[in-house]
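Dear colleague,

Please find the structure below, together with a short account of what was found in it. I would be grateful if you read the two side by side.

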Amino acid sequence: MITESKKIWMDGKFVNWADANVHILTHTLHYGTGAFEGIRCYSTKKGSAVFRLQEHVDRLFDSCHILNIKPPYSPEEIKKAITGTVKINKLKECYIRPIVYIGYGAMGLYPKDNPIRVAVAAWPWGAYLGEDGIKNGIRVKVSSFARLHVNVTMTKSKTCGDYVNSTLAKSEATASGFDEALMLDTNGFVSEGTGQNIFIVRDGVLMTPPLPSVLEGITRKSIIEMAQKEKIKVCEVNFTRDELYIADEAFFTGTAAEVTPIREVDGRLIGNGKPGPLTRKLQGLFFKIVKGEARGYKSWLTYI
């Protein structure tokens with residue numbers, strides 16, 4: 001269950017959490033045409049800091065542009081709404097969910113002149129896949145559901161309706177006793193998790209699927225940049241599920257998942273079944289960065 005905060009920003013003003021409601025005939029509720037972001041704010045010695053705020057807001061507006069939705073607020077106004085939501089709720093650490101959606105008006109697939117609405121919510125949220133998952137790794141199942149093809153939907157947009165694909169895969173995996181699902185693309189190559197990008201390590205090389213079949217994850221981008229600074233070879237390349245099975249290490253990345261090791265896929269241990277040294281190195285550096293304890297990454301944090 002969500003731990004409720006006090007206020008949610010809706011269309012330019014703060015309302016009480018319990019009063020942040022929409023009409024049952026809100027267009028996006030029925031047809032899924034909306035865009036959202038997942039952002040984290042971390043507690044540091046200098047106060048609360050939002051991780052890569054500019055990049056998240058840029059991606060939100062890119063998603064809206066792809067969907068041909070025009071937010072009634074500027075990127076700067078949305079950034080202020082995000083930091084303001086954290087501040088008014090007095091949250092030291094939290095997950096932040098901005099969403100742009102098509103409101104109540106005309107029904108049917110074409111929304112005509114329905115209003116474009118925007119909201120920002122923030123609440124405390126710990127490790128998405130559990131603290132044990134962060135420490136010891138998770139068990140993953142390759143899903144029977146494929147990642148959406150680039151000609152089926154706009155895969156570079158965080159579109160609300162596209163996540164039906166993810167919820168089906170997640171439900172299938174958890175019903176089978178696994179922690180998370182992994183989806184292949186329509187060509188049979190490893191794509192991504194239900195809300196995460198994936199990395200594997202083979203012979204000291206860090207590998208991740210290329211962008212055509214995956215969302216441009218901001219944590220994914222961060223890990224690549226971190227690895228390059230650490231002189232770790234990174235390859236964006238397609239690989240198959242059997243290459244994943246025989247990888248030395250594997251981990252998921254994402255705003256919610258952060259850096260979560262994968263210890264098992266489809267009943268097969270990855271490496272020795274424990275988080276590997278490269279995973280631990282990048283995970284440790286990531287958490288130092290978000291806590292403001294690593295040099296060279298100051299620009300990634302926006303202090304409240």
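**Aromatic rings**

Trp-125 has a relative accessibility of 34% and therefore counts as partly exposed; buried means under 20% relative accessible area, exposed over 50%, and partly exposed in between, with a 1.4 Å probe and protein chains only. The model is predicted, so local features need pLDDT of at least 70 and side-chain atom pairs count only at pLDDT 80 or more, while totals for chains, interfaces and linings use all residues. Residues are numbered from 1 along each chain as its sequence is written, and side-chain values use heavy atoms, with hydrogens and water left out.

Tyr-95, at 4% relative accessible area, is buried. Eleven aromatic pairs are present in the structure; rings of Phe, Tyr and Trp (its six-membered ring) pair if their centres lie within 6.5 Å, and planes under 30 degrees apart count as stacked, over 60 as edge-to-face and the rest as tilted. The ring centres of Tyr-95 and Trp-125 are 4.7 Å apart with the planes at 80°, so this pair is edge-to-face.

Phe-199 is buried, with a relative accessible area of 0%, and Phe-251 is buried at 0% relative accessibility. These two residues form a stacked pair, 5.2 Å from centre to centre and with 10° between the planes.

Ring pairs also join Phe-51, Phe-286, Phe-287, Tyr-297 and Trp-300 into a cluster. Arg-52 lies over the face of Trp-300, 4.0 Å from the ring centre; a charge sits over a ring if NZ of Lys or CZ of Arg is within 6 Å of the ring centre and within 35 degrees of the ring normal.
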